[in-house]
Each structure stands twice: as structure tokens, then as C-alpha cells.
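Here is a short report on a protein and the DNA beside it. Take a look at the model before reading on.

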There are 2 protein chains.
Amino acid sequence: MSQPKEITIYDIARELNISATTVSRGLKGHPTINKNTRKKIAEKAKELGYTPNTFAGSLRSKRTNTIGVIVPRLNSYFMSSALAGMEHVANKNGYNLIISQSLEDSKKEIENAHTMFNRRVDGLIVSLAFNTENIAHLLPFSTRNIPVMFFDRVYNSEQFTGVVIDNFAAGYDVTRHLIKQGCKRIVHLAGNTLRNVYHDRLEGYSQALKDHGVPFDPHLVITSNLSEEAGVETAQQILQMPQLPDGIFSANDNCLVYCMLELKKAGIRIPEDIAVAGFNNDRVCQIIEPNLTSIDYPGYAIGETTATHLINHLLGHTNIHNTNTIVLRTELVVRASSLKRKE
Amino acid sequence: MSQPKEITIYDIARELNISATTVSRGLKGHPTINKNTRKKIAEKAKELGYTPNTFAGSLRSKRTNTIGVIVPRLNSYFMSSALAGMEHVANKNGYNLIISQSLEDSKKEIENAHTMFNRRVDGLIVSLAFNTENIAHLLPFSTRNIPVMFFDRVYNSEQFTGVVIDNFAAGYDVTRHLIKQGCKRIVHLAGNTLRNVYHDRLEGYSQALKDHGVPFDPHLVITSNLSEEAGVETAQQILQMPQLPDGIFSANDNCLVYCMLELKKAGIRIPEDIAVAGFNNDRVCQIIEPNLTSIDYPGYAIGETTATHLINHLLGHTNIHNTNTIVLRTELVVRASSLKRKE
DNA sequence: CCGAAAATTGCAACCGATTGCAATTATTTT
DNA sequence: AAAATAATTGCAATCGGTTGCAATTTTCGG
């Protein structure tokens with residue numbers, strides 16, 4: 001099982017009777033190396049089957065061309081889209097992604113952050129776990145001048161840049177839309193309000209109610225982890241309310257879909273009895289019946305934007321420290337699930 | 001912008017008046033180091049805020065604790081589930097994942113393989129692009145004794161291990177099920193038959209027809225890239241057939257769902273006019289109406305299995321070279337979309 | 001043809017940990 | 001208490017590129 005010997009720049013140098021320095025520079029296309037020499041080096045490298053050893057280089061140069069990504073979980077429609085967007089941008093620019101999941105657990109998020117740090121990622125992209133309360137684990141990155149960017153689940157801090165949508169406005173829009181459809185008792189399925197996204201959506205909801213003279217009833221705000229199971233449970237809770245609501249605004253589609261199915265099973269008509277609207281514009285929106293009104297939340301674009309900004313910063317084209325927040329445009333996509341009246 | 005100096009094992013060594021060797025071993029929990037010394041080292045390391053530099057270590061030890069993953073795209077339900085499974089196993093074992101997408105393009109897959117090689121991944125996991133015809137780009141890994149494992153889209157080779165399901169059997173089961181429901185003209189939505197998964201499903205379909213005396217009609221096999229758009233187009237093709245089919249077996253759910261929506265729009269009743277069944281047991285199966293019969297294709301488990309085997313091999317617990325293929329169990333999940341007769 | 005400027009190339013230290021082997025120290029055994 | 005064995009620790013080379021600065025070669029004007 002002996003490993004075949006690794007071909008190094010020294011091998012190339014020896015065969016060409018030049019120094020390793022020249023080979024190193026030649027391979028990098030360094031301008032001070034003679035064109036002709038460069039060609040010879042390239043040829044010999046190919047001939048010998050040379051492959052650069054990234055570690056050796058990174059050790060010295062302190063650049064790894066690696067971006068760490070920590071997400072709550074990578075198998076949701078939104079997340080995998082965002083990751084796909086990041087990977088695309090990164091790959092195009094010669095960067096690679098090391099991806100890890102916190103599984104919504106702050107402790108694991110901290111561990112992962114350590115790993116990323118040890119791996120000397122050039123930059124870090126994070127979407128926070130459900131229960132992360134502070135970002136002490138990210139401070140070593142700042143100390144080291146390693147840029148950290150949040151996306152989606154951001155942390156309110158002067159120190160880091162985040163890519164988000166205007167969750168308040170989106171929550172407001174959805175709620176207003178439901179009110180305009182005649183809803184008076186609107187349930188809000190909320191997530192952990194520790195996270196900006198859920199907090200802001202709830203605020204938007206409250207404000208819209210207020211602005212339109214609809215009383216805010218805390219009993220109508222159901223907080224959960226917004227999972228599929230939570231959707232089912234929520235439906236049961238709703239069905240047991242002394243007075244049924246006439247609208248639901250959910251902070252995510254996934255949960256709402258399962259809630260809808262359960263409500264339908266119980267004979268509730270949507271949107272006639274209850275108008276519903278979600279958040280994310282998940283693929284299922286166009287598949288469930290009735291089609292689901294939702295906020296279009298461009299995962300791929302968010303991923304691209306985040307990665308682009310981070311890489312531009314790394315390349316020195318821009319400085320993200322000047323930017324606190326990047327807000328992407330969203331859009332309310334109205335579909336049958338919320339249309340009580342013909343518009 | 002000067003970087004704060006990096007803390008190394010030498011700093012710890014100096015402060016403790018011992019050698020760097022001892023520090024290195026101490027941190028790794030090497031048994032020959034005195035327990036007491038070990039404790040002192042650990043304390044000092046924490047005190048100074050030491051973080052190991054993975055590169056330096058990897059350079060010397062030639063182990064990176066990194067697994068490369070190349071997938072066609074990472075934003076599909078199946079893929080992101082598989083990746084989630086892999087990440088979970090890898091993380092548990094101290095490995096990290098470098099993930100890249102080929103975007104179904106063989107050329108990009110080759111580039112990505114190079115990158116992975118240069119990064120000296122300890123092992124590689126691949127699911128092939130639609131149009132990859134050979135695996136020359138993976139041979140350097142074999143030469144170097146770097147284990148490569150396929151999953152899902154595997155390459156038929158003695159050389160590498162793959163984790164798959166029995167696509168033939170699954171295709172056979174679905175088709176037989178449709179036949180038993182009384183279908184006589186069953187359309188098959190096929191993918192690129194260069195890929196085992198689609199090839200085998202088609203074979204299973206053919207064989208089932210044959211075994212049950214249903215004639216095979218090549219016009220009923222519609223090959224596409226199985227995208228959402230393809231689903232819509234396929235529906236239009238079907239609607240223009242001189243004689244409508246009475247069943248559809250699609251090689252994936254995603255495409256079929258869009259096809260169904262289009263057919264329903266045209267007034268086709270499912271399953272009465274056309275019974276349909278898909279493949280993957282995607283989340284949408286339980287959401288679309290009627291609920292979709294499908295083959296449960298356990299993405300998360302496939303990811304876990306693949307990563308587990310690879311890591312066990314890396315740790316020397318098992319040797320994947322003894323294993324050619326690992327076949328996971330699948331199951332036909334029957335739902336309303338295919339039930340022409342009460343069972 | 002000479003000397004200065006420009007273009008190339010090389011020296012040698014360095015990045016930070018790992019490791020085979022030898023050396024030192026502690027513990028037992030006789 | 002000396003000898004033998006076991007437990008710890010350290011030396012010094014090594015992994016494979018990168019980089020500041022000096023050295024060498026080439027080019028060219030006069």
C-alpha cells in the first residue's frame with residue numbers, strides 16, 4: 001500500500017535545471033518569469049503529472065481559498081437553494097465551500113465555528129441556529145480579520161454584515177393583504193422570536209393589525225419550531241379555538257402546508273372559511289390546493305449575493321465593513337389560498 | 001490591518017519550558033505523555049487561545065480529515081437530504097465536507113474533481129452528472145489510494161464502490177402495480193439512460209410489461225432531463241397522443257408533479273383517466289392531489305450509508321475495495337394517484 | 001563596445017505541526 | 001545499590017510551496 005511519490009515543484013525544478021522558486025512563480029503566471037520558461041514549466045508539470053499541494057501553499061501564504069458555511073440544516077428548499085447560489089459564485093471565483101450544519105443547536109454551531117476557524121477559512125457565512133443567544137464564538141474571526149457574513153438568520157450587530165429581506169415589511173404586506181380580504185381574526189404562526197426573521201415578521205403582523213384597526217390578540221399568535229409536525233399540531237389547536245379564525249399568516253410555508261392539510265381534513269374550506277398565506281414561496285405553494293399565497297423569498301439570490309459580497313471583500317474590491325445590512329427585494333405572491341373576494 | 005500574531009505550539013512550549021514535540025503530542029492525547037504534563041499543556045493552550053493550524057498538520061501527516069463531495073446540484077430534495085446525511089456522519093467523526101456541484105455538466109465535474117484532488121481530500125463521494133461518459137478524472141484518486149465512492153448515479157466499474165437502490169426492481173414494482181390497476185398503455189418518463197438509475201428503471205419497466213403480457217411501445221417512452229419544465233412539455237406531448245395512455249410511470253417525482261398539474265388543467269382525471277406513479281417519494285407526494293404513489297428513496301439514509309462506509313474505510317475498520325455495491329431497500333408507497341380500483 | 005536600466009532567476013528563510021529515533025528520567029527487579 | 005525495564009521527553013528532519021531581497025543575465029542607448 002505504499003503511496004506513489006508525490007510530484008513537487010522540486011521535481012520540476014530539477015528536471016528543468018532551474019530553481020523551485022522559478023517553478024512556483026512560473027506556475028502562478030508571475031509576470032517576472034520569462035514567457036518561454038513559463039511554457040517549459042507548464043509542459044513539464046503536465047508531463048510529470050504535477051498537482052499543487054494546497055496545504056503547503058496555504059501554510060505559507062495564509063490564504064486557503066476556502067469559505068466556511070454554517071447553516072441550521074441543509075435540507076430545506078430555501079437553504080439548499082441558498083447554498084447552491086453560494087457554491088456557484090464561489091466556484092466561479094476559485095473558492096471552495098466547507099459546509100456544516102448546526103442542526104438548530106447552538107452548541108453544535110459553536111463547535112462548527114471552531115472547526116472552521118482551525119481550518120483557517122478565508123471567510124465565514126452563517127445563518128444562526130434557532131437558539132443561538134450570542135455570537136461569542138464568532139469573535140475570534142473578527143480578531144483575526146476574517147470576514148463573517150450572516151444571511152437570513154442574522155444577528156443584530158454593528159460588527160457583521162448581513163444579507164436579509166425586509167421581514168417586517170413582508171410580514172406587514174401579508175397581513176394587510178389578509179385584512180383587505182376581509183379577515184378579522186388572523187392567526188400568526190410564529191417561530192422563535194430570538195431570530196430576527198421571526199421577530200420581524202411578527203412585528204410586521206402586529207403593526208399591520210394596528211394600522212388597520214384590527215385588535216391584536218395574543219392568543220392568536222402560536223409559536224413553534226415551524227416544523228411539519230408543528231403544522232399538524234397547530235391545526236389541532238386552531239380547531240379547538242372557541243371561535244375559529246378567518247385567516248392564517250404563517251412565518252413559513254412548510255409548516256403551513258401541513259397545517260392546511262389537517263384543516264382541510266377537518267372540513268375547513270380554504271380560503272372561504274380561513275384564508276391562509278405563508279412565507280418563502282416554497283415549491284409546494286404551486287402544488288398544494290388551493291395554491292398558496294406567499295412571500296417570494298429568493299434563496300438562490302440570497303446565496304449568490306452573500307457569497308459575492310464576501311468574495312469581493314476578500315479580493316479587496318469592496319469592503320464589507322462599510323456595509324451593515326443588505327436588504328433584498330421580496331414580493332407578495334398572491335394565489336388562491338388567500339382570495340376570499342374576487343379582486 | 002496587521003494580523004495579530006498566531007499562537008503556535010512553540011509559544012506553548014516556550015512558556016512551559018518543554019519541547020514543541022511534547023506539546024504536539026500532549027494536545028493529541030498521545031499516551032506517552034505524562035498526564036500531568038498533558039494537563040498543563042491543555043491549560044496553557046487555552047490560556048493563550050491556541051488554535052491548531054490544520055494545514056501545517058495536514059502537510060506533514062498527509063491526512064486532511066476532509067471528504068470531497070461532487071453532486072449534480074445541491075438543491076433538490078433528494079440531494080440535500082443525502083448531503084445532510086453525509087454531513088451528519090462526517091461531522092460526528094471529525095471530518096468536514098467540501099461540497100461542489102457539477103450542474104449536470106461533465107466538464108465542470110472534471111474541474112471539481114481536480115480541485116478536490118489538489119485539496120488532498122481523504123476521500124471522495126460522487127454522484128455523476130447527466131452527461132459524464134467516463135471516469136478518467138477519477139483515476140488519479142485510485143492511483144493515490146484515495147477512496148472514491150459513488151452514490152445514486154454510479155458508474156459501472158469494478159474499481160469503485162457505489163451505494164444505490166435496486167432501480168430495476170423498483171421500476172419493475174411500480175410498473176407491475178400500474179398493470180395490476182388495469183393500465184394497458186403506460187407512459188414512462190425516462191431520464192438519460194447513460195445513468196444507471198434511469199437505465200435500470202426503464203429496464204424494470206420493460207421487463208414488467210413483458211412479464212405481464214403488455215406490449216412495449218417505444219412511443220410511450222419519453223426521455224427528458226426530468227426537469228419541471230420537461231414535466232409541462234411532457235404533459236402536452238401526452239395530450240397530443242392519438243390515443244391517451246392510461247398510466248404514467250415517471251423516473252422522478254418532480255417532473256411528474258408538473259406534468260400532473262398540466263394534465264389536470266386539461267381536464268384529465270387522475271387516477272380514473274390516467275393513473276400515475278413517480279419515483280423518490282419527494283415531500284410533494286403527500287401534498288399534491290391526489291397524493292402521489294412513489295418509490296420511497298431514502299436520501300438521508302443513502303447519504304449516511306455512503307459517508308459511513310467511506311469513513312470506516314478511512315479509519316481502517318473495513319475495506320471498501322471488497323465491496324462493489326451496496327443496495328439499500330426501497331419501498332413502493334401506494335397512494336391515491338394510482339388507485340384505479342379499490343384494493 | 002561599455003555601462004545603466006530592465007528583465008529574469010535564485011538563495012534561503014519561513015509557515016506550523018508531525019514523527020522516527022535517540023536520550024533522559026523514573027520505576028522495578030534482583 | 002546496581003542493572004534492567006518502562007515511562008517521558010526532545011532533537012532535528014520533514015512536509016511542499018511562498019516570498020523578500022540579492023544576484024545574474026539581457027537589452028539597449030550612446
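Of the atoms of DNA strand D within 4 Å of the protein, what percentage belong to sugar or phosphate? The share is 57%, and the rest belong to bases.

## About the model

This is a predicted model, where local features need pLDDT of at least 70, side-chain atom pairs count only at pLDDT 80 or more, and totals for chains, interfaces and linings use all residues. Residues are numbered from 1 along each chain as its sequence is written, chains are lettered from A and ligands numbered from 1 in the order in which they are written, and side-chain values use heavy atoms, leaving out hydrogens and water.

## Around DNA strand D

A residue is near the strand if one of its heavy atoms lies within 4 Å of it. There are 30 residues around DNA strand D. Tyr10(A), Ser24(A), Lys28(A), Arg60(A) and Thr22(B) come nearest. By class, nine are nonpolar (Ala, Val, Leu, Ile, Met, Phe, Trp, Tyr, Cys and Pro). Eight are charged (Asp, Glu, Lys and Arg), and 13 are polar (the others, Gly among them).

## Polar contacts

A polar contact here is a pair of N or O atoms within 3.5 Å. The side chain of Lys28(A) puts an N or O atom 2.6 Å from a phosphate oxygen of DNA strand D. Bases are reached too. A polar backbone atom of Ala56(A) is 3.1 Å from a base nitrogen. Arg25(B) has a polar side-chain atom 2.8 Å from a base oxygen.

## Two copies

Terms used:
A polar contact is a pair of N or O atoms within 3.5 Å; within protein, one must be able to donate a hydrogen and the other to accept it, and residues adjacent in sequence count only if both atoms are side-chain atoms.
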